[in-house]
Amino acid sequence: MTLKAIDVDGFRWQLDDSGSGQAVVMCHGFPGLGYSYRHQSAALANAGFRAIALDMPGYGGTTRPSVIVDYTNDAVAERMIALLDALEIDKAVFVGHDFGAPAAWTTALRYPERVAGLVSLAVPYAPDRFPARPSVIYASMAAKHFLHIHYFQEPGVAERELDAHPREFLHRLFFALSGEYRYLDVWKNPSEGNGYLDVLPEAPPLPWSWLTEEDFDVYVKTFTATGFTGGLNWYRAYDANWERSEDLNGAHITVPTLFVAGAEDPVIAMSGPKALVRMKETVPDLRGVHLLDGAGHFVQQERADEVSELLVEFVRSL
């Protein structure tokens, strides 16, 4: 991947922009980078499309805002539309993984005329607004077991732990969320007295079937330089997202959509089967639901070829 920087109204995006044709904008989550889509970028460019893999706000070489509302889905969607304008792209397919998924589907909901198609990886479309402020719900859950979402809420707490041990944290988390481990075992630990490294499992040495030492070092080098605050701020924007999403409660996504996840992804386990049913009810042009056996949360890396093939096939169908 060849990175470049683009300034849009004083906001710096770092991205990989390769190939030509229909644009496909790829959005990652925590703790990711545009590099997380290295396999898909190559496949899309080779298939005759323009692959744009972003470092999302707060990550890598992209601007790391200090204001939490800048990490809301609405704010990120607005910035991505401004980026399309700067790149002179009329319509793009948006692909989102983890936090990138709600950012991508919010773009489809707010700006459907600029979205040719939507691909959600790992996270099913969730149309229904939480009944209460998310931080309150997560605090209640954390009273029973360790919950990283709650642990990440207070600025500075997670940073003191994770910024001091970026290699160990990324190594353990990538393994824990993969198809090789049952992440929900982390929940057996109490919140009190524990940091994230206290509850994450030890990880086997690299390389793995889906992650080389060289690829892993890209993440380590980047997060060692930037720290984790930008990524953690996406978690701290949950309440702000909730406050701004009332008008989207129950909203239907109208653009052509594809869903792909690892069958062993803890997000699927936590969401439950009703989440997939609800997604089908509220995405009338849902063109496929694929759960890939043996894969965990990082599906575009754990099953790189399969995800690339599904993505290329979907974009061609448009």
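## An exposed helix residue

Let's start at the surface: Asn 46 is exposed, because its relative accessible area of 71% is over the 50% cut-off. The model you are looking at is a predicted one. Asn 46 sits in helix α1, which covers residues 38-46.

## The largest pocket

How much space lies in the largest pocket? The figure is about 1,500 Å³. The lining of this pocket is made up of 46 residues, and those nearest its centre are Val 123, Ala 126, Phe 130, Tyr 138 and Tyr 238. Several helices give two or more residues to the lining, among them α2 (73-86), α4 (134-142), α10 (229-236) and α13 (273-282). The largest share comes from α3, with five residues.

Sorted by class, the lining of the largest pocket has 31 nonpolar residues, alongside eight polar and seven charged ones.

## Nonpolar cores

Now for the interior. In soluble globular proteins, nonpolar side chains tend to be buried together. Here the largest nonpolar core has 85 residues, and the members touching the most others are Phe 30, Leu 54, Phe 169 and Tyr 196. Leaving aside residues up to four places away in sequence, Phe 30 touches Tyr 59, Asp 98, Phe 99, Phe 152, Phe 169, Leu 173, Phe 228, Gly 231, Leu 232 and Tyr 235. There is also a second, separate core of 23 residues, which includes Met 26, Phe 49, Ala 51 and Ala 116.

## Aromatic pairs

How many aromatic pairs does a search of the whole structure find? The search gives 31. One of them joins Tyr 59 and Phe 223: the ring centres are 6.2 Å apart and the planes stand at 90 degrees, so this pair is edge-to-face. It links distant parts of the chain, with Tyr 59 in the loop between β4 (50-54) and α2, and Phe 223 in helix α9 (residues 213-226), 164 residues apart. Tyr 59 and Phe 223 are both buried.

Phe 174 and Tyr 219 make another pair, with ring centres 5.2 Å apart and planes at 80 degrees, so they too count as edge-to-face. Phe 174 belongs to helix α7 (residues 166-176) and Tyr 219 to helix α9; the pair links distant parts of the chain, 45 residues apart.

How values were computed: Residues numbered from 1 in each chain as written. Predicted model: local features only at pLDDT ≥ 70, side-chain atom pairs only at ≥ 80, totals over all residues. Heavy atoms only, no water. 1 Å grid on protein atoms, 1.4 Å probe; cavity = no way out; pocket = protein on both sides within 12 Å on 5 of 7 lines; lining within 4 Å. Points joined across faces, edges and corners; volume = space filled by probe spheres on them. Helix = DSSP H or I, 4+ residues; strand = E, 2+ residues; numbered from the N terminus. Nonpolar A, V, L, I, M, F, W, Y, C, P; charged D, E, K, R; others polar. Core = buried A, V, L, I, M, F, W, Y, C linked by side-chain atoms within 4.5 Å. Buried < 20%, exposed > 50% of the residue type's maximum accessible area, 1.4 Å probe, protein only. Contact = heavy atoms within 4.5 Å. Phe/Tyr/Trp six-rings, centres within 6.5 Å; stacked < 30°, edge-to-face > 60°.
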